[in-house]
Amino acid sequence: MKVYPLWHISHQNEGGPDDETIHLDDEGVFVDEQDGDDVKLLGIYSSEAVAEERMRRARLLPGFADEPDCFQIGEYDLDEDHWTEGFVRVSV
């Protein structure tokens, strides 16, 4: 089963020429948490289409409208064992 996390990146970096903020680079949305970029998870969605619709609505809201292209939709496979350490089963 796949789910689609939707992220928004609020940029604080000043890494561009003349110290302007970099929003996008050749690979898409630019993220540099070392420079203070703030990455927010907006939600986990059941399909990419639902995540895209949420992104469309979020672009209209204060706080997101200033950076309308700084969204990232991921893809995550829930069936894989990503957490193999640190969890304990407890019988009740």
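Asp19 is exposed, at 57% relative accessibility (exposed means over 50% relative accessible area, buried under 20%, partly exposed in between; 1.4 Å probe, protein chains only). Asp19 sits in the loop between strand E1 (2-10) and strand E2 (24-25). With Glu14, Asp18, Glu20 and Asp35, Asp19 forms a surface patch of negative charge. Such patches join like charges within 9 Å, using residues with over 30% relative accessible area and no salt bridge.

The model is predicted: local features need pLDDT of at least 70, side-chain atom pairs count only at pLDDT 80 or more, and totals for chains, interfaces and linings use all residues. Residues are numbered from 1 along each chain as its sequence is written, and side-chain values use heavy atoms, without hydrogens or water.

The protein has 1 helix and 6 strands (DSSP runs of at least four residues, H or I, for helices and at least two, E, for strands, numbered from the N terminus). Their order from the N terminus is β-β-β-β-α-β-β. Of the 92 residues, 24% are buried.

The structure holds 4 salt bridges (a side-chain nitrogen of Lys or Arg within 4 Å of a carboxyl oxygen of Asp or Glu). One of them pairs Lys2 with Glu75 at 3.4 Å, N to O. Lys2 belongs to strand E1 and Glu75 to the loop between strand E5 (71-73) and strand E6 (76-77), so the pair ties together parts 73 residues apart in sequence. Lys2 is partly exposed at 39%, and Glu75 is exposed at 52%.

Glu53, Arg56 and Arg57 are linked in a salt-bridge network. Arg56 and Glu53 approach to 2.6 Å between their closest N and O atoms. Glu53 also bridges to Arg57 at 3.9 Å, N to O.

Terms used
Patches are made of residues with over 30% relative accessible area and no salt bridge: like charges are joined within 9 Å, nonpolar side chains (Val, Leu, Ile, Met, Phe, Trp, Tyr) within 5 Å. Accessible areas come from the Shrake-Rupley method with a 1.4 Å probe; for residues, only the protein chains shown count as cover. Lys and Arg count as positive and Asp and Glu as negative; His and the chain ends are not counted. The place of a charge is taken as NZ of Lys, CZ of Arg, CG of Asp or CD of Glu.
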